[in-house]
Amino acid sequence: MINFFTPQNTVLLITGLVNLAMSIFVFIRSPKNKINLYFGLVTFFNLLWAITLIIFNLSNDEKILRLFASLPYTMAWLVIIFLFYFAVYFPYQLFPIKKIYYFLINIVSVLMVMYTVFGYKLFVLGVNFTPNHMANYDFVGYSIYAALMTLVILSSLIILIIKYKKAEGIFKTQLGLILISVIIGTIFGCYFNLFLMYIDNFSYIHLGPLFTLFINFIVFSFLVLPKEKIHG
Amino acid sequence: MVKSNKKIFLLLSGGTWLFDKSQHFLSVQEEEDVPAWLDSMPELGIMADLQPIFICAEDKILDADVWQQMADAIRERETEADGFIVVSRTEQLPYTAAALSFLLPNFSKNIILTASQISGAHWSGKKEIINNLKNKHSGSGLRANMINALQVLSSPLPGIAVMFGTRLIPALKLVPEPKADINLFASADNYYWGRVDFGVSLKSNLAKSGAKLPKFTKLKSQLLIIEDLDGLDWSWPDELINKQGAILIRAGILANEKLDRVRRWKVPVIVYGGHEQTVREGVVFINNCTWPVAVIKTMWAAANAKDNADFGKLMKKNYLGEYWPY
């Protein structure tokens with residue numbers, strides 16, 4: 001019998017539900033606002049990331065396990081891409097980004113999604129059920145994925161750091177908090193869900209989504225705490 | 001958010017202090033200062049097509065003439081503009097906001113006022129404030145205020161607003177904040193049109209007000225303000241008093257001998273802060289608005305009323321929601 005409520009799945013479920021709540025909360029407040037839109041998409045794909053990891057943990061079928069060894073990477077990629085767009089627009093756009101860069105980011109994203117969804121058999125070479133659910137990834141494909149993801153994360157962080165340095169008043173505080181939470185979320189997310197796979201360690205895949213909750217927590221504090229307490 | 005092709009006119013009339021990259025101060029003292037001042041905030045250029053209009057220097061004390069000049073500049077550009085931002089002297093912001101509200105009623109485009117945390121051209125006595133702004137806020141607050149103002153300009157607003165710190169405040173409710181830090185101003189009735197949280201969150205039911213206000217374009221500058229402090233000698237010659245455009249008395253209940261003086265005066269009189277007393281036509285008691293609104297509305301009514309009775313009517317009517325309910 002499958003035990004759903006393992007510690008891993010419980011953490012992922014809680015993370016997913018918090019992300020779902022944040023996603024709805026932020027979308028409802030102002031769906032036309034680009035900041036809300038991209039943050040809502042970050043939280044929404046965080047939810048899907050957690051769900052696909054839960055299915056990976058629960059799967060007993062080899063084909064499903066192989067597919068769901070790949071799909072979390074689709075979701076994680078989309079999380080990072082929308083995080084990048086969020087970094088560009090939050091709390092305001094500091095410098096214009098050339099269309100060619102947008103085009104490159106979008107085309108790479110489409111290719112990455114196609115590769116991890118439709119080409120998952122190329123990406124995931126095999127799976128194991130014991131001692132726990134594990135996957136064997138194509139080294140070259142995985143390394144390209146990891147390198148590109150690291151590049152997008154670093155770009156987002158650089159944008160936020162430049163903005164933080166130039167910001168003043170309320171924006172300085174906001175950007176400082178967002179920057180810290182993004183650094184925590186991405187470092188731990190990459191460590192547990194991207195780099196540990198190189199040593200076939202799948203025991204901590206629930207911790208990547210968990211650390212993204214820091215970003216949610218900071219944004220939630222902006223939304224509900226008295227503004228003077230945050231910015232004062 | 002404002003799209004990049006929105007044409008926003010930026011009126012400059014003090015309150016323009018900001019730090020540049022090397023933490024030096026910049027302010028607009030003359031028209032030639034505007035390009036360098038604007039270049040130090042390149043992010044604004046991404047958000048909108050900003051068209052600066054120099055109204056007056058940083059150290060100019062604003063008066064009826066300047067407010068009329070601002071209103072005229074805005075009115076002239078109504079059709080071509082997508083909105084207006086008025087950067088104005090900080091300590092006079094409530095007066096400027098009230099003046100533009102009365103001079104530009106039912107205006108079709110959004111007008112948002114803002115300012116730096118400090119204004120004026122002189123540094124003396126401001127060192128502590130400047131150091132605090134540098135160390136704690138990394139700037140004068142103007143850049144952040146203007147970015148927030150630009151972000152709300154394309155949303156429907158009921159009237160002229162002030163964006164300052166984390167608050168979007170109705171212009172006619174603007175009062176200084178006693179425990180000021182980042183927010184130097186508050187709303188007199190604690191009602192805000194928006195707040196800065198994740199972005200700028202506006203109240204959901206904001207829309208252009210349908211208020212009907214006569215389109216008067218003048219403010220009377222000859223206004224005598226009397227603070228009725230204990231021991232104040234009321235023996236001014238009637239000739240001096242009757243030269244004034246209007247008299248605004250800040251007082252509680254006026255004693256009988258003072259009421260007798262007021263009865264003799266021929267000019268319109270407003271008593272602010274006291275209870276209603278029967279005096280004569282043209283003497284109006286108000287206490288349910290902010291002090292800057294009382295000052296500006298008196299200037300507005302005095303400039304445009306045909307006689308004392310008309311002045312009384314103009315002052316008593318709540319045209320723009322400037323009076324709150326008792």
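Predicted model: local features only at pLDDT ≥ 70, side-chain atom pairs only at ≥ 80, totals over all residues.

Reader: Domains first. What does the domain assignment of chain B give?
Author: The assignment lists domain 1 (7-202) and domain 2 (223-316). Their centres, taken over C-alpha atoms, are separated by 31 Å.

Reader: How many residues of each are in contact?
Author: Domain 1 of chain B puts in 11 residues, and domain 2 of chain B puts in eight residues.

Reader: Which elements supply the domain 1 side?
Author: Helix 4 (93-103) and strand 9 (174-176) of chain B supply at least two residues each. Helix 4 of chain B gives the most, with five residues.

Reader: And how do the residues on that side divide by class?
Author: On the side of domain 1 of chain B that touches domain 2 of chain B, there are 10 nonpolar residues, no polar ones and one charged.

Reader: OK, sheets. What's the strand order in the eight-stranded one?
Author: The order is 4-1-5-6-7-8-11-12 in chain B. The sheet is open, and the pairing is mixed. Strand 4 (49-56) and strand 12 (200-202) of chain B are its edge strands, each pairing on one side only. From one strand to the next, the twist averages 25°.

Reader: What packs on that sheet?
Author: Helix 3 (residues 64-76) of chain B does. Helix 3 touches strand 1 (7-13), strand 4, strand 5 and strand 6 of chain B. The direction of helix 3 makes about 155° with that of strand 4 of chain B.

Reader: Zoom in on strands 5 and 6 of chain B. In what sense do they pair?
Author: Parallel, over four bridges. Strand 5 covers residues 83-88 and strand 6 covers residues 111-114. Phe84(B) stands opposite Ile111(B), and Val86(B) stands opposite Leu113(B).

Reader: Are the faces of strand 6 of chain B covered or open?
Author: Both are covered. Ile111(B) and Leu113(B) lie on one side, Ile112(B) and Thr114(B) on the other, and all of these are buried.

Reader: Now the other sheet. What's the order there, and how does it pair?
Author: Four strands of chain B form an open sheet in the order 13-14-15-16, with parallel pairing. Strand 13 (223-227) and strand 16 of chain B are at the edges. Each has a single partner strand, so one side of each has no neighbour in the sheet. The twist averages 20° from one strand to the next.

Reader: How many bridges join strand 14 to strand 15 of chain B?
Author: Four, and the strands run parallel. Strand 14 spans residues 246-250. Ile247(B) has Val269(B) in strand 15 of chain B as its bridge partner.

Reader: Which strands does helix 9 of chain B touch?
Author: Helix 9 touches strand 13, strand 14, strand 15 and strand 16 of chain B. Its direction makes about 160° with that of strand 14 of chain B.

Reader: Back to strand 16 of chain B. Which residues are on each side?
Author: Val283(B) and Phe285(B) are on one side, with Val284(B) and Ile286(B) on the other. All are buried, and both faces of the strand are covered. Strand 15 (residues 269-272) of chain B pairs with strand 16 in the parallel sense over four bridges. Ile270(B) stands opposite Val284(B).

Reader: Helices next. At what angle do helix 9 and helix 10 of chain B pack?
Author: About 145°, with their axes 9 Å apart. The crossing is right-handed.

Reader: Which residues meet there?
Author: Lys297(B), Ala301(B), Ala302(B) and Asn304(B) in helix 9 meet Phe311(B), Leu314(B) and Met315(B) in helix 10. By class, the contact has five nonpolar, one polar and one charged residues.

Reader: Where is Leu320(B)?
Author: Leu320(B) is in the segment after helix 10 of chain B.

Reader: Why is it called buried?
Author: Because Leu320(B) has 23 other C-beta atoms within 10 Å, and the cut-off for buried is 20 or more. The C-alpha atoms of Leu320(B) and Gly159(B) are separated by 8.6 Å, though the residues are 161 apart along the chain.

Reader: Last one. How many residues does the contact between chain B and chain A take?
Author: 22 residues from chain B and 24 residues from chain A. Helix 2 (42-47), helix 6 (142-152) and strand 11 (194-196) of chain B each supply at least two residues of the chain B side. That side has eight nonpolar, nine polar and five charged residues.

Notes
Residues numbered from 1 in each chain as written. Chains lettered and ligands numbered in written order. Pairing = 2+ DSSP bridges. Axes fitted to C-alpha atoms, helices over the stretch in contact; angles between N-to-C directions. Contact = placed C-beta atoms within 7 Å. Nonpolar A, V, L, I, M, F, W, Y, C, P; charged D, E, K, R; others polar. Domains from an automatic or database assignment. Left-handed = near helix turned anticlockwise from the far one by under 90°. Buried ≥ 20, exposed ≤ 12 C-beta atoms within 10 Å, placed from the backbone.
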